[in-house]
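Dear colleague,

Please find the structure you asked for below. My notes on it follow.

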Amino acid sequence: QVQLQESGPGLVKPSQTLSLTCTVSGGSITTSYYAWSWIRQSPGKGLEWMGVIVYDGSTYYSPSLKSRTSISRDTSKNQFSLQLSSVTPEDTAVYYCARGDGSNCDYWGQGTQVTVSS
């Protein structure tokens, strides 16, 4: 059973960088041909796919967030991470990590609330 767990600060100040980590257990993030996504849900809105890191380390981002988003991984810890720069209150959301490419995710973390506020 694959399990994912998000971790990181729950409060970030405007203009700062939001950093979250997803720890994966029960499966390796380097196993072919899996992909690992970050997805968020803002208050009153639907799910928004942010980006993905593939088993070989390749990354792909949502065009609307590409200029501010970076996804990386630490294979020794079986973790992948999200960095979102220059945050504003509009980036307040529940952030999820998941296995899949965004359109088809089969395992999800429980989500972590991140609030952008001074």
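**Surface and core**

The chain exposes about 6,100 Å², and carbon and sulfur atoms supply 46% of that area. This is a predicted model, and every value here is computed from it.

On burial, 41% of the 118 residues count as buried. The largest nonpolar core holds 24 residues, and those with the most contacts inside it are Leu 18, Trp 38, Phe 80 and Tyr 95. Two or more residues of this core come from each of the strands S3 (18-25), S4 (35-41), S5 (47-54), S8 (79-84), S9 (93-100) and S11 (112-116). S3 gives the largest share, four residues.

As for secondary structure, there are 11 strands and zero helices. Read along the sequence, the pattern is therefore β-β-β-β-β-β-β-β-β-β-β.

The overall dimensions are as follows. Along the principal axes, the C-alpha atoms fill a box of roughly 40 × 25 × 25 Å. The radius of gyration is 13 Å, which agrees with a compact globule, because one of 118 residues would have a value near 13 Å.

Contacts were also counted by sequence separation. Of those between residues at least 6 apart in sequence, 53% join residues at least 24 apart.

Last, the charges. The chain carries 8 positive and 8 negative side chains, and the centres of these two sets lie 5 Å apart.

Regards

Conventions
Residues numbered from 1 in each chain as written. Predicted model: local features only at pLDDT ≥ 70, side-chain atom pairs only at ≥ 80, totals over all residues. Heavy atoms only, no water. Rg over C-alpha atoms; globule rule 2.2 N^0.38 Å. Buried < 20%, exposed > 50% of the residue type's maximum accessible area, 1.4 Å probe, protein only. Contact = heavy atoms within 4.5 Å. Areas by Shrake-Rupley, 256 points an atom, 1.4 Å probe, with all protein chains shown as cover. Lys, Arg positive; Asp, Glu negative; His and termini not counted. Charge placed at Lys NZ, Arg CZ, Asp CG, Glu CD. Core = buried A, V, L, I, M, F, W, Y, C linked by side-chain atoms within 4.5 Å.
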